[in-house]
Amino acid sequence: MFTAAAESLLHQAREIQDEELQRFCSRVSKLLQEEDLGPTAVDSLQRLFLIVSATKYPRRLDKTCVDLLQATLCLPTCPEQLQVLCAAILREMSPSDSLNLSCDRAQNTRQLSLVASVLLAQGDRKQEVKSVGQRIFTVLESRQPEGPSLRHLLPVLSKVVGLAPGTLQEDQINLLSKRLVDWLRHASVQQGLPHSGGFFSTPRARQPGPVTEVDGAVASDFFTVLSTGQYFTEDQWLNVQAFSMLRAWLLHEGPEAPGTLDTDDRSELEGSTLSVLSAASTASRLLPPRERLREVAFEYCQRLIEQSNRRALRKGDSDLQKACLVEAVLILDVLCRQDPSFLYRTLSCLKALHARLGTDPGSERALLPLAQFFLNHGEAAAVGSEAIHQHLLARLPSEHFHNPVLAFEVIRFCRDNLPLFDHHLLSVLKSSFPNLFKFLAWNSPPLTSEFVGLLPALVDAGTAVEMLHLLLDLPCLTAALHLQLRSSSTPPERPPWDASPRTPGRLEALRDPQCQGLFQHLLRTKASGSTERLTPLHRLLQPLASYARVAQCAEAVPTLLQAFFSAVTQFADEALTNQLALLLLERSDSLYPVPQYEARVHRVLSAQFLALCQLNPSLVVELAKELLEFLGSVSNTQSRAGVFTSVVWAVGEYLSVTYDRRCTVEQINRFFEALEALLFEVTQSRPSADQPRCPPQVVTVLMTTLTKLASRSQDLIPRVSLFLSKMRTLAQGPASSCTHSEEDAEAVRTRATELLNLLKMPSVAQFVLTPSAEVCHPRYHRDTNTSLPLALRTVSRLVEKESSFLPA
């Protein structure tokens, strides 16, 4: 989100053509050749960086300019601001064949970090990652206590480890582990000195005091990232940076990759845990570098957890406490996966932490790594994790659905850990789907793809019907959550871009007993096994239907419905299929009135109704009464044209003895009479404001279905032939121009003629309109003796021959 001025600058930078850019590069080159690189050079480099970074495609710079940028970057006397700008411009150009940088040209660690950032952006085409790593380790090996600062190199080293971990040698791994131990455990506990110099500086300046805790108390133990002070020493900064790269380094240099230690291995190690514990405290300093680093990392995390329990004096320190708590638990998880001897030393601490987090508002994100820890190690430690997972799935979605980061992390946690969930935890997850859907309703754009992957695990035969109701009511749930948030005693701060309407009247209306019960049902936290018609709530919340968040949610529902039916059709039996088919018909006229929502949902429901019929063709016979009732309403041809067309097509396709032996001539006749009366009514009545014209797709599908039914009960052929003749005449007459366009009338006329020609040979009509199950096999279309094309050609020839004998 840029301001108007920033947008204008970006637009200008993107519009600069290559010729103008080359002229500007020439001016920059002249400035870089001057001895005094002043503010003009800084301004020009800032403009050049904006130009090369404003477009997605790489900009070509003059070779002289590129060479001068590299030379300026490596100048020992160049101001730091200019070096940073040169490095940023060269990174934007990467990968490039015109670069000839080398880490050996860097004069200090700050310059080395900038040169390394450019080389790493090249993409390791010439083993740049390995060369950068080797150079940094050379500095690490040769550095004396009073040598150059390493603060600038640790971020680059962390990136090297992530990009090419296999390039590090054993002695380099041990060296960095030793250095990390020193930085984490032996940083100074005295504050740093203020910057010297200035008019008021004096040799009698006050000596720095000890570092403090976040609550203002003097630090009683070693320095950590949560220790505070006015100024910091070099080793304290290294302590902070070492902690930031600690987890990545542990994952890299551990004996096994995370997650590879299976349950059997853990159980074998449990017996020796006590002996390992007894020796760990006394011999930790004699351990090899890797094991020593794990021991120090464990102590560091324990201290962070203790420090996070202190009441911070500043909000920034409070936020830092929460972030460090998350990282500490993640590191403990890695340590316990790599070395189970840490497990029992960690459990008591994390149990107490969970008890504290349950009553500490604002620490919700720390619950996720805690839940992950108990999920990974609960079985090995014989510790149940039900309480924390209940907290995660029950309280968090209800109370913090409006937190987008937390919403994404909870859903990703559920999706990523599905293989680790046992039967009980999976049942808890499934029963909590109404709660999880609150995250989806409020944050639908970023969570839709996550829920598409999670839905198959949430739905089963017991929750399918209730879940489908909730999916269709998802935009209404968004509106209800909006009201709940506005009515809360401490609503979150309203952001400036939130243009949602104020709704005091709706809040008063929710006090009505009927609406209150529906409201509570919609906001339930667990699957109830029951469903409610929310039509009164739809009317009450209609003013919120234009709210942008509601509209975004409505756009996601069709995708979620398709994912839902893809999962359900994998296990649905006949009873569930019939339930879902009826639910589609019932809910197709009971949707929350969001603009465009009904049309988009109807397209999905019509396609899924046909999919259910294909899955269970007997559905048409078993639900004959309900389908006849649905088809008997003329209004459905307008309000639910797509769903209506699918139902009519399904009747013509599956109401046959081929699919269900229970299908009788009486059933066929009942459907025929109902559809015949309906087609007569929609074609003979003139359009009006109350009843607009019937879509031509509905008319042609009705004619085709009537013909299919007549081919199965041949006593009906004369009736349908007469009706089709009238339809063809009606489509050719002048009255049709009042109801249909010329193109639509032509489509109706063509379909009526085709069906009439087929009915002239009833046996061929039955063969064409009610094919056997072999229609799915290639032979049915290739064999010249039995194929469908042969039958159609035969009918065409006979009809043409018959028409040639007719008088002109």
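The model is predicted. The chain has 41 helices and 0 strands. Of its 808 residues, 49% are buried.

**Overall fold**
- Among contacts with a separation of 6 or more, 75% are between residues 24 or more positions apart.
- The chain exposes about 39400 Å², and carbon and sulfur atoms supply 53% of that area.

**Nonpolar core**
- The largest nonpolar core has 243 residues.
- The residues with the most contacts inside this core are Leu-48, Leu-61, Phe-437, Phe-451, Phe-564 and Phe-609.
- Helix 27 (residues 548–568) gives the largest share of this core, with 12 residues.
- Beyond its neighbours within four places in sequence, Phe-451 is in contact with Ile-411, Leu-436, Phe-437, Leu-440, Leu-458 and Leu-560.

**Helix 20**
- Helix 20 (residues 433–442) is mostly covered, with 10 of its 10 residues buried.

- An α-helix has 3.6 residues a turn, so residues three or four places apart point the same way.

**Aromatic contacts**
- The count of aromatic pairs comes to 14.
- One of them is Phe-232 with Trp-237, an edge-to-face pair at 5.6 Å centre to centre with 70° between the planes.
- Phe-232 counts as partly exposed because its relative accessibility is 28%, and Trp-237 counts as partly exposed because its relative accessibility is 35%.
- Tyr-654 and Tyr-659 have ring centres 5.1 Å apart and planes at 70°, so this pair is edge-to-face.
- Tyr-654 has 7% relative accessibility and therefore counts as buried, whereas Tyr-659 has 33% and counts as partly exposed.
- Phe-222, Phe-243 and Tyr-300 form one aromatic cluster.
- Over the ring of Phe-222 sits the charged end of Arg-303, 5.7 Å from the ring centre.

**Backbone exceptions**
- Ser-94 and Pro-95 are joined by a cis peptide bond, with omega about -5°.
- Pro-95 is placed in the loop between helix 5 and helix 6 (109–120).
- Gln-596 is not a glycine, yet has a positive phi of about 75°.
- Gln-596 lies in the loop between helix 28 (574–587) and helix 29 (597–615).
- The relative accessible area of Gln-596 is 57%, so this residue counts as exposed, the cut-off being over 50%.

Definitions and conventions
Residues numbered from 1 in each chain as written. Predicted model: local features only at pLDDT ≥ 70, side-chain atom pairs only at ≥ 80, totals over all residues. Heavy atoms only, no water. Phe/Tyr/Trp six-rings, centres within 6.5 Å; stacked < 30°, edge-to-face > 60°. Buried < 20%, exposed > 50% of the residue type's maximum accessible area, 1.4 Å probe, protein only. Lys NZ or Arg CZ within 6 Å of the ring centre and 35° of its normal. Helix = DSSP H or I, 4+ residues; strand = E, 2+ residues; numbered from the N terminus. Contact = heavy atoms within 4.5 Å. Areas by Shrake-Rupley, 256 points an atom, 1.4 Å probe, with all protein chains shown as cover. Core = buried A, V, L, I, M, F, W, Y, C linked by side-chain atoms within 4.5 Å.
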